[in-house]
Amino acid sequence: MRFVAPPYMQQLPNVSMKSARIVKPNESLEVQQLETPRPKGSQVLIKVESSGVCHSDIHLWEGGYEGLEGQFLKTTDRGVKYPLTPGHEIAGIVDSFGEEAEGFTKNEKVLVYPWIGEGLCPACRNGQENLCDKPRSLGVYMDGGYAEYVLVPSYRYLLKMDDEMDMNASATLSCSALTAYGAVKNANLKPNDNVVIVGAGGLGLMAIQLAKAVKGSKIIAMDLDDEKLGAAKKNGADNTINSKKEDPVKAVMELTDKMGADAVVDFVNASKTVESDIQFLRRRANLVLVGFFGGELKLSLVSMPTRAYRLIGSYTGTLSDMVELVSLARRGVIKPLVSNRFKLNQATEALTMLKEGKILGRGVINP
Ligand SMILES: [Zn+2]
Ligand SMILES: [Zn+2]
């Protein structure tokens, strides 16, 4: 028999919840009052304390990405459905759980791994749910963290936090830091390798910290903005190149004894940046493309075998990457930076500021 809450209980705060939702692309997000989901089976209901505001939320809001020849790639063609509650960088506390959920207690501080797959494709079977054929990611295909509560499909996607870990900084681990970590891993760096990090924004700075701490590489940071390059230096970059003021190819060659870079991780991934990346790659190098700027690339096909470099697309990271990352954060090896905090009804403002480049570290929503 289904339990129907009597009217006095419907006044309780967790019978209904507020969510900031994209109802239609490019329109202001609407704060809607929705029924709070009730967890069943292995599901867990999380009370959201902090939800990061990510660049990919802007693409969800705009309804797509730039593809080849100015073509617009629609999110709805990739299975996104509106209205949607965005938010995939979620930190919160356990509110309630289904009868099969185990290992967690009420009010426990947790992080949510959002890159959830359907569980059956070869990637999922291989522990790479972030690359699932039929992704169900939170805040992209399922309602996410721009809300007072979020329903997580299984306790398996929760990671315990230490009490002293900050909710806002930790929230950004599950996309911003995880994407940087996944990309650095895909670069397959060895100690003393020269790696060029293109774009010294939030992800770039995190990648610099990770490449330095985990791999011991020699890091060259590249950006158009001297202020960001200053931050790159503080975060561990050995050298910096302002590609607006100097020729990036010449500059990299000079810094690498004319050999070129062993790896490049490009967090911008625009036609212009990748064109020069290709020119300063060393033979055998790995070029990891991460950013969503988009556009197209002209490629000399014969140089692929003769120079034997690899072009690698990198998307977020695996659950086991995230476990490693949380332990790095716990030990203070990486320090995520949160610069702006917003309320749920400021979600549109948060996305607008991010789009206009006015958020320097990471913005978070505190529902
Ligand atoms: Zn993200
Ligand atoms: Zn799958």
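Predicted model: local features only at pLDDT ≥ 70, side-chain atom pairs only at ≥ 80, totals over all residues.

Reply: Strand S7 is joined to strand S9 (residues 158-160) by three bridges, and the two run antiparallel. Within this pairing, Val 112 stands opposite Leu 158 in S9. Strands of a sheet pair through backbone hydrogen bonds, either parallel or antiparallel.

The side chains of S7 (residues 109-112) divide into two sets: Lys 109 and Leu 111 point one way, and Val 110 and Val 112 the other way. Every one of these four residues is buried. In a regular strand the side chains alternate between the two faces of the sheet.

The zinc ion (ligand 1) is coordinated by His 88 through NE2 and by Cys 54 and Cys 175 through SG, at 2.0 to 2.2 Å. Along the chain these donors follow the spacing C-x33-H-x86-C.

The zinc ion (ligand 2) has four protein donors: Glu 118 (OE), Cys 121 (SG), Cys 124 (SG) and Cys 132 (SG), at 2.2 to 2.3 Å. Their spacing in sequence is E-x2-C-x2-C-x7-C. Why is the arrangement around the zinc ion (ligand 2) irregular? The four donor atoms subtend angles of 84 to 126°, which makes it so; a tetrahedral assignment would require all angles to lie between 85 and 135 degrees. Cys 121 counts as buried because its relative accessibility is 6%, and Cys 124 counts as buried at 10%.

Another part of the model is an open sheet of six strands, with parallel pairing and the order S12-S11-S10-S13-S14-S15. S12 (239-242) and S15 (310-313) stand at the edges with a single partner strand each, so one side of each has no neighbour in the sheet. From one strand to the next, the twist averages 20°.

Within this sheet, S10 (194-198) is mostly covered, as five of its five residues are buried. Asn 194, Val 196 and Val 198 point one way from S10, while Val 195 and Ile 197 point the other way. S10 pairs with S11 in the parallel sense over five bridges, and Asn 194 stands opposite Lys 218 in S11. Five bridges also join S13 (residues 261-266) to S14 (residues 281-289), again in parallel, with Ala 261 opposite Leu 281 in S14.

Two helices lie across these strands. Helix H5 (residues 202-215) lies across S10 and S11 (218-223), running at about 170° to S11. Helix H7 (residues 248-255) lies across S10, S11, S12 and S13, at about 165° to S12.

Finally, the largest nonpolar core holds 82 residues, of which Ile 46, Tyr 146, Leu 173, Val 265 and Leu 325 touch the most other members. Apart from it lies another core, of 18 residues, including Val 196, Ile 241, Val 252 and Ala 261. In soluble globular proteins, nonpolar side chains tend to be buried together.

Terms used. Residues numbered from 1 in each chain as written. Chains lettered and ligands numbered in written order. Heavy atoms only, no water. Core = buried A, V, L, I, M, F, W, Y, C linked by side-chain atoms within 4.5 Å. Buried < 20%, exposed > 50% of the residue type's maximum accessible area, 1.4 Å probe, protein only. Donors = N, O, S within 2.8 Å, 3.2 Å for Na, K, Ca; no water. Tetrahedral: all angles 85-135°; square planar, octahedral: opposite > 155°, others 65-115°. Pairing = 2+ DSSP bridges. Axes fitted to C-alpha atoms, helices over the stretch in contact; angles between N-to-C directions. Contact = heavy atoms within 4.5 Å.
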